[in-house]
Amino acid sequence: MLSPGLVWAQGTPSPKDAYLYIISPSDGDAVKGAFWCRFGLRNMGVSHAGDNFANSGHHHLLIDADEPIDPGEPIPQDRKHLHYGAGETEALIELPPGRHTLQLVLSDGKHFNFDPPVVSKKITITVSGADADAASDRQHTVRHAHSRIKHHRLRTARPAPQTSAADAAPPENSKPSGAIEFLRSHLWGTGSSAPAGSSGSK
């Protein structure tokens, strides 16, 4: 977006050996959730917005910003252009998951770029969602615990005792065999029992 070789129509002079850079994160880093972005500056000082000290200015962090800043215009203030007019040299940044670019710009007390501009190299980072990772970890833990419970139950299960035929209880309401039932039905009629003391002949 910005190149140190650009010369703006208006701007406070800056030392030619001024060097602005991002200390952390580094280019290509992967971060999880919110992260600290630390600003580095050499051969210039950090001051507050509104101050007009020579060779000093305050930081601006550009996030996913590709649009050029018009010469002679102050640095915008929005979600892509974060101002640190209190002289901050680090900030806690929270971005949605995905790839993002970061770049620092140092401005004078009126938020204008210096001449020549004091701009850091643009870096790219990858942000992962802390909530999603935490949910995945919890789900893995639950699955692991469930597996341990199943394994414990299988290991401690005992087979049911077996009963031999000799020890088995006789079935309830047992019926007489076929031959006896045949004789009773023909001698005394179906459903009746033999009279007491009968020998079975007349």
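**View 1. The open sheet of strands β1, β3 and β7.** In this predicted model, three strands lie in the order β1-β3-β7 and form an open sheet whose pairing is antiparallel. The edges of this sheet are formed by β1, covering residues 19-24, and by β7, covering residues 90-93, and each of these two strands pairs on one side only. From one strand to the next, the twist averages 25 degrees. As background for a reader new to sheets, strands pair through backbone hydrogen bonds, and they may do so in a parallel or an antiparallel way.

**View 2. The pairing of β3 with β7.** Strand β3, which spans residues 35-42, is joined to β7 by four bridges, and the two strands run antiparallel. Within this part of the sheet, the residue that stands opposite Trp36 is Leu92, which belongs to β7.

View 3. The side chain of His58 reaches the backbone oxygen of Asp108 at a distance of 3.4 Å. If neighbours within four places in sequence are left aside, the residues in contact with His58 include Ser47, His48 and Ala49, as well as Tyr84 and Gly85.

View 4. Ala65 is found in the loop between β5 and β6, the latter being residues 81-84. With a relative accessible area of 2%, Ala65 is buried, because the cut-off for buried is under 20%. Although Ala65 and Leu102 are 37 residues apart in sequence, their C-alpha atoms are 8.1 Å apart in space.

**View 5. The whole protein, as a setting for the close-ups.** The protein has ten strands and two helices, and when it is read along the sequence its elements follow the pattern β-β-β-β-β-β-β-β-β-β-α-α. It has 202 residues, of which 26% count as buried. Among contacts between residues at least 6 apart in sequence, 69% join residues that are at least 24 apart. The protein exposes about 13,800 Å², and carbon and sulfur atoms supply 53% of this area.

How values were computed
Residues numbered from 1 in each chain as written. Predicted model: local features only at pLDDT ≥ 70, side-chain atom pairs only at ≥ 80, totals over all residues. Heavy atoms only, no water. Polar contact = N/O pair within 3.5 Å; in protein donor to acceptor, adjacent residues only side chain to side chain. Contact = heavy atoms within 4.5 Å. Buried < 20%, exposed > 50% of the residue type's maximum accessible area, 1.4 Å probe, protein only. Areas by Shrake-Rupley, 256 points an atom, 1.4 Å probe, with all protein chains shown as cover. Pairing = 2+ DSSP bridges. Axes fitted to C-alpha atoms, helices over the stretch in contact; angles between N-to-C directions.
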